[in-house]
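Subject: Structure for you to look at

Hi,

Here is the structure I promised to pass on, followed by my notes on it. Please have a look and tell me how you read it.

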Amino acid sequence: MKAAPGELEKSVVVLSKLKDMEFHSRANIEALAEVSLTVEDELKQKEFSEAIGAVYSAQDAFHSKIVALIASYETKCDSLKQAG
């Protein structure tokens, strides 16, 4: 099946945006880990542990899903390259 005109180019832009989101997601996970250590260990503000843990879990779930989406979308881009 032939790709629509411009479909590959636009799809590559989408893939790039998804990869950028994944990069920032990974950075957020690292930042949340640092925040958790600071709040719990240095500041001894244990009352925020659960809330930070919930945000960390949500970010980790997002990260897992975006990684899977990128893999699928890369497959789509590859098929568009072959169809073009």
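A word on terms before anything else: a residue is called buried under 20% relative accessible area, exposed over 50%, and partly exposed in between, using a 1.4 Å probe and protein chains only. This is a predicted model, in which local features need pLDDT of at least 70 and side-chain atom pairs count only at pLDDT 80 or more, while totals for chains, interfaces and linings use all residues. Residues are numbered from 1 along each chain as its sequence is written, and side-chain values use heavy atoms, with hydrogens and water left out.

Let me start with the overall picture. The protein chain holds 2 helices and 0 strands; helices (H or I, at least four residues) and strands (E, at least two) are DSSP runs, numbered from the N terminus. With a radius of gyration of 19 Å, well over the 12 Å that the globule rule gives for 84 residues, the protein chain is more spread out than a compact globule. That radius is taken over C-alpha atoms, and the rule is 2.2 Å times the number of residues to the power 0.38. Along the principal axes, the C-alpha atoms fill a box of roughly 60 × 15 × 15 Å. Of the 84 residues, 21% count as buried.

Now the helices themselves. Helix 1 has 36 residues and reaches 51 Å from its first C-alpha to its last, close to the expected 52 Å. The expected span is 1.5 Å times one less than the number of residues. For helix 2, with 35 residues, the end C-alpha atoms are 51 Å apart, which agrees with the 51 Å it should span.

Which residues of helix 1 are buried? They are Ser-11, Leu-15, Leu-18, Glu-22, Ser-25, Ile-29, Leu-32, Ser-36 and Val-39. In an α-helix there are 3.6 residues a turn, so residues three or four places apart point the same way. The buried residues of helix 1 pack against helix 2, where contact means heavy atoms within 4.5 Å. Helix 2 has its own buried set: Ser-49, Ile-52, Gln-59, His-63, Ile-66, Ile-70, Cys-77 and Leu-80. Helix 1 is included in what covers them. Among contacts between residues at least 6 apart in sequence, 81% join residues at least 24 apart.

Ala-4, in the segment before helix 1, is partly exposed at 43% relative accessibility. The C-alpha atoms of Ala-4 and Leu-80 are 9.0 Å apart, although 76 residues separate them along the chain. Lys-76 belongs to helix 2 and is partly exposed, with a relative accessible area of 39%. Its C-alpha atom is 9.2 Å from that of Leu-8, 68 residues away along the chain. Leu-69, also placed in helix 2, counts as partly exposed at 41% relative accessibility. The C-alpha atoms of Leu-69 and Glu-30, 39 residues apart along the chain, are separated by 21 Å.

Most residues other than glycine have a negative phi. Just after helix 1, however, Lys-44 takes a positive phi of about 55 degrees. Lys-44 is exposed, with a relative accessible area of 57%.

Last, the charges: there are 10 positive and 14 negative side chains, and the centres of the two sets lie 11 Å apart. Lys and Arg count as positive and Asp and Glu as negative, with His and the chain ends not counted; each charge is placed at NZ of Lys, CZ of Arg, CG of Asp or CD of Glu.

Best wishes
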